[in-house]
Amino acid sequence: MTTLKMFLSSLFLLSIFSWKNEATQPLLLEVENIEVAKGHIWFGVYDSEQSFLNEEKAVAIFGEAVKKEGTLQIKFDQIPFGTYAIAVFHDVNNNGTLDQTFVGIPKEPFAFSQTLRSKWRAPEYEEMKFSFRQANQKLKFKLESW
(Lines give C-alpha, C1' and ligand atoms only; values in the text may rest on other atoms or scores of the structure.)
Protein backbone atom coordinates (compact mmCIF):
# COMPACT_ATOMS: atom_id res chain seq x y z
CA MET A 1 0.00 0.00 0.00
CA THR A 2 1.43 3.41 -0.94
CA THR A 3 2.11 6.03 1.69
CA LEU A 4 -0.70 8.22 0.34
CA LYS A 5 -3.19 5.36 0.46
CA MET A 6 -2.13 4.48 4.02
CA PHE A 7 -2.55 8.13 5.00
CA LEU A 8 -5.99 8.32 3.36
CA SER A 9 -7.09 5.07 5.00
CA SER A 10 -5.96 6.38 8.40
CA LEU A 11 -7.75 9.66 7.80
CA PHE A 12 -10.89 7.77 6.84
CA LEU A 13 -10.74 5.63 9.99
CA LEU A 14 -10.21 8.71 12.15
CA SER A 15 -13.27 10.33 10.57
CA ILE A 16 -15.34 7.25 11.38
CA PHE A 17 -14.22 7.28 15.02
CA SER A 18 -15.06 10.98 15.32
CA TRP A 19 -18.66 10.04 14.44
CA LYS A 20 -18.87 7.16 16.92
CA ASN A 21 -21.42 8.98 19.08
CA GLU A 22 -23.63 9.88 16.13
CA ALA A 23 -25.86 7.43 14.30
CA THR A 24 -24.49 6.86 10.82
CA GLN A 25 -26.70 6.11 7.85
CA PRO A 26 -26.08 4.67 4.38
CA LEU A 27 -25.62 7.10 1.51
CA LEU A 28 -25.80 5.63 -2.00
CA LEU A 29 -23.30 7.02 -4.51
CA GLU A 30 -23.52 6.45 -8.25
CA VAL A 31 -20.74 7.57 -10.58
CA GLU A 32 -21.59 7.69 -14.29
CA ASN A 33 -19.50 8.19 -17.42
CA ILE A 34 -16.53 6.01 -16.44
CA GLU A 35 -14.65 5.76 -19.73
CA VAL A 36 -11.79 3.43 -18.81
CA ALA A 37 -11.75 0.36 -16.55
CA LYS A 38 -8.66 1.05 -14.46
CA GLY A 39 -7.50 3.08 -11.49
CA HIS A 40 -9.69 4.22 -8.61
CA ILE A 41 -12.61 6.56 -8.10
CA TRP A 42 -11.80 8.76 -5.08
CA PHE A 43 -14.40 10.54 -2.96
CA GLY A 44 -13.74 13.44 -0.60
CA VAL A 45 -16.51 14.37 1.85
CA TYR A 46 -16.44 17.91 3.29
CA ASP A 47 -18.63 19.61 5.88
CA SER A 48 -17.65 23.30 5.62
CA GLU A 49 -16.30 26.04 3.39
CA GLN A 50 -13.03 25.90 5.37
CA SER A 51 -12.52 22.20 4.70
CA PHE A 52 -13.80 22.04 1.10
CA LEU A 53 -11.22 20.59 -1.31
CA ASN A 54 -8.61 20.47 1.47
CA GLU A 55 -7.58 16.82 1.76
CA GLU A 56 -6.27 17.21 5.31
CA LYS A 57 -9.61 18.67 6.50
CA ALA A 58 -11.98 16.22 4.77
CA VAL A 59 -14.35 14.38 7.09
CA ALA A 60 -13.85 11.26 4.95
CA ILE A 61 -11.80 10.19 1.96
CA PHE A 62 -12.27 6.81 0.37
CA GLY A 63 -11.67 5.10 -2.95
CA GLU A 64 -13.15 2.30 -4.97
CA ALA A 65 -11.29 0.28 -7.63
CA VAL A 66 -12.66 0.71 -11.15
CA LYS A 67 -13.32 -2.70 -12.68
CA LYS A 68 -15.56 -1.76 -15.61
CA GLU A 69 -16.58 1.14 -17.80
CA GLY A 70 -19.96 2.82 -17.41
CA THR A 71 -21.37 3.24 -13.91
CA LEU A 72 -20.08 2.50 -10.41
CA GLN A 73 -22.47 2.20 -7.49
CA ILE A 74 -21.35 2.04 -3.87
CA LYS A 75 -22.95 2.35 -0.47
CA PHE A 76 -21.15 4.58 2.03
CA ASP A 77 -22.32 3.55 5.49
CA GLN A 78 -20.21 5.79 7.70
CA ILE A 79 -21.81 9.23 7.61
CA PRO A 80 -24.34 10.83 9.97
CA PHE A 81 -27.13 13.04 8.65
CA GLY A 82 -25.94 16.55 7.90
CA THR A 83 -24.86 18.97 5.19
CA TYR A 84 -21.90 18.01 3.02
CA ALA A 85 -20.20 18.59 -0.31
CA ILE A 86 -18.52 15.71 -2.14
CA ALA A 87 -15.73 15.93 -4.70
CA VAL A 88 -15.00 12.92 -6.91
CA PHE A 89 -12.23 12.13 -9.35
CA HIS A 90 -11.16 9.14 -11.43
CA ASP A 91 -7.51 8.47 -10.69
CA VAL A 92 -6.95 6.74 -14.01
CA ASN A 93 -3.19 6.31 -13.59
CA ASN A 94 -3.65 5.18 -9.97
CA ASN A 95 -1.06 7.57 -8.53
CA GLY A 96 -3.28 8.69 -5.63
CA THR A 97 -3.74 12.28 -6.80
CA LEU A 98 -5.82 14.33 -9.22
CA ASP A 99 -3.35 15.17 -11.96
CA GLN A 100 -3.48 18.80 -13.10
CA THR A 101 -1.79 21.12 -15.56
CA PHE A 102 0.62 23.75 -14.25
CA VAL A 103 -2.31 26.21 -13.99
CA GLY A 104 -4.52 23.78 -12.04
CA ILE A 105 -6.77 22.39 -14.79
CA PRO A 106 -7.68 18.75 -14.03
CA LYS A 107 -6.20 16.17 -16.40
CA GLU A 108 -8.40 13.38 -15.02
CA PRO A 109 -12.22 13.12 -14.93
CA PHE A 110 -13.97 14.73 -11.96
CA ALA A 111 -17.42 15.49 -10.54
CA PHE A 112 -19.09 17.17 -7.57
CA SER A 113 -22.22 16.66 -5.50
CA GLN A 114 -23.95 19.46 -7.45
CA THR A 115 -23.70 20.61 -11.05
CA LEU A 116 -20.53 22.57 -11.71
CA ARG A 117 -21.51 26.11 -12.75
CA SER A 118 -18.24 27.06 -14.39
CA LYS A 119 -15.08 25.24 -15.38
CA TRP A 120 -13.17 28.50 -15.23
CA ARG A 121 -12.85 28.54 -11.44
CA ALA A 122 -12.80 26.15 -8.52
CA PRO A 123 -16.27 25.47 -7.12
CA GLU A 124 -17.28 26.74 -3.71
CA TYR A 125 -18.72 24.70 -0.85
CA GLU A 126 -21.99 26.66 -0.89
CA GLU A 127 -22.53 25.71 -4.56
CA MET A 128 -21.76 22.03 -4.04
CA LYS A 129 -23.38 21.29 -0.66
CA PHE A 130 -26.36 18.98 -0.24
CA SER A 131 -28.46 17.89 2.73
CA PHE A 132 -28.20 14.25 3.74
CA ARG A 133 -31.47 13.70 5.60
CA GLN A 134 -32.67 10.15 4.89
CA ALA A 135 -31.17 6.67 4.92
CA ASN A 136 -30.30 5.32 1.47
CA GLN A 137 -30.43 8.76 -0.09
CA LYS A 138 -28.87 8.56 -3.57
CA LEU A 139 -26.41 10.99 -5.12
CA LYS A 140 -25.44 10.79 -8.79
CA PHE A 141 -22.15 12.03 -10.17
CA LYS A 142 -21.34 12.36 -13.88
CA LEU A 143 -17.61 12.41 -14.49
CA GLU A 144 -16.47 15.23 -16.75
CA SER A 145 -13.18 16.03 -18.38
CA TRP A 146 -11.88 19.51 -18.98
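## Pockets and selected residues

Lining the largest pocket are 29 residues, and Leu53, Leu98, Gln100, Pro106 and Phe112 lie nearest its centre. The model is predicted: local features need pLDDT of at least 70, side-chain atom pairs count only at pLDDT 80 or more, and totals for chains, interfaces and linings use all residues. Residues are numbered from 1 along each chain as its sequence is written, and side-chain values use heavy atoms, with hydrogens and water left out.

A pocket is an open set of points on a 1 Å grid over the protein atoms alone, where a 1.4 Å probe fits, with protein on both sides within 12 Å along at least five of seven lines; lining residues have an atom within 4 Å of a point. A volume is the space filled by probe spheres set on the points, which are joined across faces, edges and corners.

| Pocket | Volume | Lining by class |
|---|---|---|
| Largest | About 690 Å³ | 21 nonpolar, five polar, three charged |

Ala, Val, Leu, Ile, Met, Phe, Trp, Tyr, Cys and Pro count as nonpolar; Asp, Glu, Lys and Arg count as charged; the others, Gly among them, are polar.

Strands E2 (40–46), E5 (82–91) and E6 (110–112) each give at least two residues to the lining of the largest pocket. E2 supplies the largest share, four residues. Strands (E, at least two residues) and helices (H or I, at least four) are DSSP runs numbered from the N terminus.

In the second largest pocket, E6 and strand E8 (137–142) each contribute at least two lining residues. The lining includes Phe110, Phe112, Ser113, Lys140 and Glu144.

Ser113 sits in the loop between E6 and helix H2 (125–128). Ser113 is buried, at 7% relative accessible area. Buried means under 20%, exposed over 50%, and partly exposed in between (1.4 Å probe, protein chains only). The Ser113 side chain reaches the backbone oxygen of Met128 at 2.5 Å. Beyond its neighbours within four places in sequence, Ser113 is in contact with Ala85, Ile86, Met128, Phe130, Leu139 and Phe141. Contact means heavy atoms within 4.5 Å.

Asn33 belongs to strand E1 (residues 24–34). Asn33 is partly exposed, with a relative accessible area of 33%. Leu53 lies in the loop between E2 and strand E3 (60–65). Leu53 is also partly exposed, at 39% relative accessibility.

Note on methods. A polar contact is a pair of N or O atoms within 3.5 Å; within protein, one must be able to donate a hydrogen and the other to accept it, and residues adjacent in sequence count only if both atoms are side-chain atoms.
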